[in-house]
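User: I would like to learn how to read the features of a model like this one, starting with its secondary structure. Could you take me through them in turn?

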Amino acid sequence: MLQLPKTCYIGLALSALATPASASEMFASDSPWMLGDWGGTRSELLEKGYDFTLGYTGEMGSNLHGGYDHDRTARYSDQFTFGSHLDLDKILGWHDTELQLTITERHGDNISNDRINDPRVGGFTSAQEVWGRGETWRLTQMWIKQKYFDGALDVKFGRFGEGEDFNSFPCDFQNLAFCGSQVGNWVGGIWYNWPVSQWALRVRYNLSPELYAQVGVFEQNPSNLESGNGFKLSGSGTQGAVMPFELVWTPRIQGLKGEYRAGYYYSNAKAQDVLKDSNGQPAAISGAAYRSSSSKHGLWIGAQQQVTSLASDQSRGLSVFANATMHDKKTNAIDNYVQAGLVFKGPFDARAKDDIGFALARVHVNPAYRKNARLANQAAGLYDYDNPGFLPVQDTEYSAELYYGIHLADWLTVRPNLQYIRHPGGVSQVDGALIGGLKIQSSF
């Protein structure tokens with residue numbers, strides 16, 4: 001039987017106590033913090049440039065039907081986030097300068113690892129996006145940002161992940177295929193999403209009030225992924241750099257918000273071919289080492305647009321979104337990914353801050369990567385999927401998620417959800433999986 005952490009029970013119980021009392025009080029439903037305004041101290045600190053946050057995200061997943069292992073169970077994973085944002089203009093008089101420090105801690109288990117996906121090859125998506133990159137503490141953000149020329153030029157330096165600025169996307173869905181920067185999900189060996197950080201520089205220039213261009217240089221250092229290196233600051237182990245470029249357009253169409261992104265990334269570190277050796281022959285057959293490429297690259301496009309609103313409240317209404325990524329076929333297991341969905345905020349007058357989300361995604365495996373798996377089985381004389389030594393051939397995975405976000409208080413949202421994954425991990429022999437989920441997002 002699933003045992004949820006005490007934090008979840010406490011958070012849910014406290015939501016029942018939320019009242020329309022003053023936002024400065026503890027557990028007030030209209031307060032952004034569960035613990036209130038500390039007698040006005042928080043607001044005073046904000047006015048002086050100090051913003052301290054403590055956030056919690058918890059996710060439960062249960063395999064209701066299908067998947068690799070039909071034995072039903074439930075798993076729970078979560079993350080604590082401790083952050084501080086300092087307005088150095090107010091604190092030190094440094095014009096248009098900000099400092100961000102964030103530490104995260106993750107732990108728990110993921111239902112996708114052995115119940116949904118074939119553990120011999122694993123999966124592409126995750127039914128619990130908050131799981132991953134090790135059960136450990138990490139320095140997730142340590143950056144300083146300064147603006148120049150009346151805000152036209154924005155420079156950010158320190159430790160952070162690519163998805164914080166490039167290919168950014170909200171994370172209200174629980175399935176990883178609909179959460180956060182998708183480039184990092186399909187080239188995770190070089191593009192490190194939250195909570196991993198690396199040394200980086202990002203320069204943004206506002207071409208107009210609605211259009212900006214940005215370019216970045218990010219340390220490509222696989223040792224940053226290791227659980228024991230959550231606070232590593234040295235550059236030892238660096239293999240090269242990832243350099244993304246992006247154009248972002250943020251129009252208001254008939255007064256409704258939109259965001260459109262198009263970008264390209266290039267890595268100058270060596271990358272291993274997915275099929276051939278240095279002689280151009282399949283390495284799985286020749287037995288020679290896979291050849292290396294001098295670089296790796298890809299691109300992305302994304303769109304979010306609100307399409308309806310209520311005259312009385314523009315924050316309520318229907319928004320649609322779509323994202324796609326394309327990757328280097330010589331060196332990457334995934335060659336393309338597409339996703340689309342919609343979110344309706346404020347579906348009922350009595351629940352004006354609730355939201356409903358639905359999305360679909362397709363993850364496609366590079367044909368050369370599939371061919372390599374077939375040749376590896378052929379070289380080993382393995383043709384039976386049920387043989388423990390057989391390497392399952394991965395092709396295309398499809399995911400869907402439907403959630404309802406219950407806004408219990410401004411500091412607490414609970415999102416029960418249903419997910420369906422067809423061909424988990426792209427393995428056609430694995431039954432389609434129905435997953436029940438629950439996502440808790442709160443701010444203390």
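User: How many helices and strands are there in the chain?

Analyst: Helices (H or I, at least four residues) and strands (E, at least two) are DSSP runs, numbered from the N terminus, and the chain has seven helices and 19 strands. This is a predicted model, in which local features need pLDDT of at least 70 and side-chain atom pairs count only at pLDDT 80 or more, while totals for chains, interfaces and linings use all residues. Residues are numbered from 1 along each chain as its sequence is written, and side-chain values use heavy atoms, with hydrogens and water left out.

User: What pLDDT does the chain average?

Analyst: The pLDDT is the predictor's confidence in each residue, from 0 to 100; the chain averages 93, and 95% of the residues score at least 70. Over residues 1–19, however, the pLDDT is below 50, although this stretch has 35 contacts (heavy atoms within 4.5 Å) in the model beyond near neighbours in sequence. Where pLDDT is low, the predicted coordinates should not be read in detail.

User: Which residues does Asn336 touch, not counting residues up to four places away in sequence?

Analyst: Asn336, which lies in strand E15 (residues 334–345), touches Thr325, Met326, Arg362, Val363 and His364 on that count. Its C-alpha atom is separated by 26 Å from that of Gly134, 202 residues apart along the chain.

User: What share of the contacts between residues at least 6 apart in sequence joins residues at least 24 apart?

Analyst: In the chain that share is 64%. The C-alpha trace spans about 70 × 50 × 45 Å along its principal axes.
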